[in-house]
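Have a look at the chain first, then try each task before reading its solution.

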Amino acid sequence: MNDQRAIACSVLRGGTSKGLYFRSEDLPEERSARDRVLLAALGSPDPREIDGMGGAHPLTSKVAVVRRSSRPGTDVDYLFLQVWPDRPEVSDAQNCGNLLAGVGPFALEEGLVDPSGEITEVRIWMENTQSRAVARVHTPGGVVRYGGDAHIDGVPGTHAPIPIEFLDVAGSSCGALLPTGRVRDVVAGHEVTCIDNGMPVVCVRAADLGLSGEESPTEIEARPEVRQRVEALRRACGPLMNLGDVADSTVPKVSLLSSARHGGALSTQTFIPHRVHEAIGVFGAVSVATACVLPGSVAADVAGIAPDPGETTLDIEHPSGYFSVTLEVANGPSGPTVARAALLRTARLLMRGAVYVPDAIWGDR
């Protein structure tokens, strides 16, 4: 008798991340059983994830669970799950805009959405944040096209562009775009802007933590005093952002801001939350870009920009390049507001087949 169970699965690179994509019905319904299966599939907990499909780093130890949606005007529901290489934890506390880029292609490949012309709009409900996105996937001849001339920093080569528009992500985790009710606060002795436009982020100047902004992620991680101060700041901001005790949570992220080096709006180095991102997360970039257009914020001070009403595109620099975020800015009674956010990602199907886990893990017999 075979003591392993095969689970239908695809591996896709979405943006600058990589993960396992599952149809919801192929996983156990009960959460604890599902989490056991996913830990086994990725080989966690083990820093190398040698006995599973995980990539030994938070950016490559991710899962997307997708199902046909019953919501009006929505094609599929997407649940993001972060699997940690170093501990037996599966978290749904945050969203992932990088794996989101692969949801449209996966849904089309799996027949959850029918192609419609040269470009197919896939309307996605993001379960983690209870918000919506629309991804536009190239489907010439009814087939997903992965090749193209779009380049995103952090990914070699060029691929088909996947524009993604976010429809209602402001305050999706914290209840408000500015969860403290202020554009600037002083927390743990640091001036910060706490913001949530798809990802709860604490914006703070890198200089306030003794950094120039030119350090690499490895150099920052090698400085325990910086990591300790960032974590103390993150924990202090958690309750202020309506997130409660965040000691064991993946949010908020802390983004260290400094002047742009390559013509962008500003430069970022982001803790996710204990490692330093080699780039920046999709929703993290959207939140930072949004902070840049709010007068009086720490990000606006660092960026030194004064956007006009209408559509504006900001290049958010990160350790491996930059991330372009397009915002539609409107003048509200209390100052500028962001009516719309959009960005460009790419994705590629890497493997399609089955992942195997020990049959006993499933626990149904």
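A polar contact is a pair of N or O atoms within 3.5 Å; within protein, one must be able to donate a hydrogen and the other to accept it, and residues adjacent in sequence count only if both atoms are side-chain atoms. This is a predicted model, where local features need pLDDT of at least 70, side-chain atom pairs count only at pLDDT 80 or more, and totals for chains, interfaces and linings use all residues. Residues are numbered from 1 along each chain as its sequence is written, and side-chain values use heavy atoms, leaving out hydrogens and water.

**Exercise 1.** Find which backbone oxygen the side chain of Tyr 78 reaches.

Solution. Start in strand β4, residues 76–83, which holds Tyr 78 (strands are DSSP E runs of at least two residues, helices H or I runs of at least four, numbered from the N terminus). From there, the Tyr 78 side chain gets to the backbone oxygen of Cys 96, at 2.8 Å.

**Exercise 2.** Decide whether Tyr 78 is buried or exposed.

Solution. Buried means under 20% relative accessible area, exposed over 50%, and partly exposed in between (1.4 Å probe, protein chains only). Tyr 78 has 0%, so it's buried.

**Exercise 3.** Work out which residues have the most contacts inside the largest nonpolar core.

Solution. Such a core is a set of buried Ala, Val, Leu, Ile, Met, Phe, Trp, Tyr and Cys residues joined through side-chain atoms within 4.5 Å. The largest one has 62 residues, and Tyr 78, Phe 166 and Ile 316 have the most contacts inside it. Helix α5 (residues 282–292) gives the most to this core: eight residues.
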